[in-house]
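Dear colleague,

I am handing over the structure we spoke about, and I would be glad if you kept it open while you read my notes. They go through the findings one topic at a time.

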Amino acid sequence: MTAELYHLIGGEKVKGTSGRFSDVFWPMTGEVAAKVPLASEEELRAAVENAKAAQPAWAATNPQKRARVMLKFLHLCQENYDELAELLAREHGKTIPDAKGDIQRGLEVVEFACGIPHLQKGEFTEGAGPGIDMFSMRQPLGVVAGITPFNFPAMIPMWKFAPAIVSGNAFILKPSERDPSVPLRLAELMLEAGLPKGILNVVNGDKVAVDAILDDPDIKAVGFVGSTPIAEYVYTRATASGKRAHCFGGAKNHMVIMPDADLDQVADALIGAGYGSAGERCMAISVAVPVGEETANRLIEKLTPRVEALKIGLSTDPDADFGPMVTAEAVERTKGYVDLGIEEGAKLVVDGRDFVMQGYEDGFYMGGCLFDNVTPDMRIYKEEIFGPVLSVVRAKDYEEALRLPSEHEYGNGVAIYTRDGDTARDFMTKVNVGMVGVNVPIPVPLAYYTFGGWKRSGFGDLNQHGPDAIRFYTKTKTVTQRWPSGVKEGAEFSIPTMD
Ligand code: NAD
């Protein structure tokens with residue numbers, strides 16, 4: 001019998017009442033492992049009411065105590081690391097070491113959030129004018145929400161709820177309906193860590209729950225991560241109803257390979273960054289841009305046997321390079337792109353479409369594919385594939401290689417491999433992309449920097465995690481203060497100055 005999942009509202013597990021459910025699969029076997037309820041507007045509203053009631057007391061809790069809850073949560077996650085990683089790998093499909101990385105990169109933001117007594121400090125100017133002091137405070141917004149994708153079911157929920165909650169807000173998390181078990185488990189651990197009921201609510205659902213969040217007058221901010229069309233939709237609708245929003249979307253991350261680069265290092269980097277997690281990462285490298293024909297020919301020679309030798313396995317297989325994709329639909333969509341690439345005239349050097357996992361024929365597997373001679377006018381170049389497919393676009397010189405990622409509609413991440421400092425510096429300065437790696441294939445900034453793509457990879461002004469996250473989830477109040485002894489007699493009719 002398949003398990004029935006639940007919402008977590010007001011600190012309690014609550015059964016879905018809408019009558020609508022979505023299947024949650026185990027991609028390794030293809031079986032339906034659970035049914036997740038899809039919330040109605042009323043269920044979302046119940047979560048908001050709980051959050052609204054709990055938030056003022058939480059905001060009034062001093063910042064050290066809020067930090068201690070996060071610290072306890074960090075320890076509980078570490079104690080439950082193996083259990084969380086296995087649950088994550090089973091429901092998402094990524095391998096267990098990769099699932100551990102997913103949890104770890106989320107916990108690093110929790111560690112950062114533990115610094116809230118420092119991060120939320122305001123500014124103070126003594127004697128800003130005669131007898132006048134001026135200071136600023138960072139106050140929480142109230143009830144805020146996060147809508148997250150399937151591909152990092154631990155990391156991205158933590159990126160959203162940790163800075164929001166530690167700043168004194170109450171949070172509504174709407175995780176992906178494809179792998180909701182880890183987000184639910186994380187919220188349970190937050191309660192176990194001492195978080196008051198109602199401060200973190202998990203409402204499972206689809207567009208109905210998302211729209212209810214976007215239109216709810218009591219939700220003051222929305223953080224979204226997912227595909228670009230939905231990111232744009234969420235940003236437009238949330239800001240139209242007066243909310244603060246930052247919404248992160250899809251990607252087409254390029255790696256530029258200069259002729260002086262160490263091509264063995266490059267090939268290893270491309271294999272890990274292109275095919276790790278079956279390419280289902282927003283920071284995956286999906287386009288390799290070798291500069292010059294000779295570099296391109298040597299690169300294809302080095303990549304081909306490595307792609308052919310990729311070990312696709314069960315998520316629980318410690319030797320697997322990557323596991324299954326998240327759903328059968330994701331496999332079909334990716335294979336469709338490979339068919340399209342052939343039709344468009346790209347050269348398919350390695351074809352992983354027919355890969356079958358012996359004994360697990362119903363699982364959602366696909367082998368690695370490698371395309372050469374991809375050109376910028378092709379849809380397989382323009383669109384995000386989000387699967388184990390790497391495209392090689394040959395650039396005749398550095399200028400062309402710099403132009404390609406700069407002119408692409410997405411601008412999440414980019415990398416350059418070179419031994420030449422001047423070229424690297426020119427590239428990092430000029431490229432029109434939000435996150436840059438120099439001889440680093442997946443340049444995901446650490447928790448104390450901010451994460452965010454440019455162009456159609458990100459909508460809104462403030463990035464995720466780092467100092468921006470605290471700014472996003474707080475509003476600044478500025479106080480100008482004077483005590484009666486400093487007040488001059490008589491009315492002042494001109495605009496006050498400090499002279
Ligand atoms: P998705 O856009 O399908 O779903 C994201 C969230 O939006 C989910 O919670 C989903 O329930 C909800 N949603 C889906 N359709 C909706 C609709 N019509 N109306 C309202 N809400 C809707 O994305 P996904 O497939 O879960 O995740 C993969 C995508 O996320 C890729 O495009 C990837 O590049 C992107 N991503 C981006 C980043 C980043 O930081 N830029 C990080 C991770 C993933």
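How many salt bridges does a search of the whole structure find? The search finds 32 of them, and please keep in mind while reading about them that this is a predicted model.

I begin with a few of these pairs. The side chains of Lys15 and Glu4 meet in a salt bridge, with 3.6 Å from N to O. This pair links distant parts of the chain, since Lys15 sits in the loop between strand 3 (12-14) and strand 4 (21-26), whereas Glu4 belongs to strand 1 (residues 3-4), 11 residues apart. Lys15 counts as exposed because its relative accessibility is 58%, while Glu4, at 33% relative accessibility, counts as partly exposed.

Another salt bridge joins Glu83 and Arg185, whose closest N and O atoms are 2.9 Å apart. Here too the pair links distant parts of the chain, with Glu83 in helix 3 (residues 81-92) and Arg185 in helix 7 (residues 181-192), 102 residues apart. Glu83 has a relative accessibility of 35%, and therefore counts as partly exposed.

Salt bridges can also be joined to one another, and in this structure Arg45, Glu49, Lys52, Asp216 and Asp218 are linked in a network of them.

Next comes helix 9, which covers residues 228-240. This helix has 13 residues and reaches 18 Å from its first C-alpha to its last, which is close to the 18 Å expected at 1.5 Å a residue. Thr228, Ala231, Val234 and Ala238 are buried in helix 9. As a general point, an α-helix has 3.6 residues a turn, so residues three or four places apart point the same way. On the other side of helix 9, Pro229 and Ala240 are exposed.

The buried residues of helix 9 pack against several elements, among them strand 8 (143-147), helix 8 (207-215), strand 11 (219-225) and strand 12 (244-248). Arg237 counts as partly exposed because its relative accessibility is 28%, whereas Asp211, at 14%, counts as buried. Just after helix 9, Gly242 takes a positive phi of about 85°.

Two other helices, helix 2 (residues 63-79) and helix 6 (residues 155-166), have axes that come within 9 Å and cross at roughly 150°. Because angles over 145 degrees count as roughly antiparallel, helix 2 is roughly antiparallel to helix 6. In this pairing, Arg66, Ala67, Met70 and Phe73 of helix 2 meet Met158, Phe161, Ala162, Ile165 and Val166 of helix 6.

Finally, is helix 14 (residues 398-407) largely enclosed or largely exposed? It is largely enclosed by the rest of the structure, because 7 of its 10 residues are buried. The buried residues of helix 14 are Tyr398, Glu400, Ala401, Leu402, Leu404, Pro405 and Ser406.

With best wishes

Notes:
Residues are numbered from 1 along each chain as its sequence is written. This is a predicted model: local features need pLDDT of at least 70, side-chain atom pairs count only at pLDDT 80 or more; totals for chains, interfaces and linings use all residues. Side-chain values use heavy atoms; hydrogens and water are left out. Helices (H or I, at least four residues) and strands (E, at least two) are DSSP runs, numbered from the N terminus. The expected span of a helix is 1.5 Å times one less than its number of residues. Buried means under 20% relative accessible area, exposed over 50%, partly exposed in between (1.4 Å probe, protein chains only). Contact means heavy atoms within 4.5 Å. A salt bridge is a side-chain nitrogen of Lys or Arg within 4 Å of a carboxyl oxygen of Asp or Glu. Axes are lines fitted to C-alpha atoms, for helices over the stretch in contact, and angles run from 0 to 180 degrees between N-to-C directions. Angles under 35 degrees count as roughly parallel, over 145 as roughly antiparallel, 65 to 115 as roughly perpendicular and the rest as oblique.
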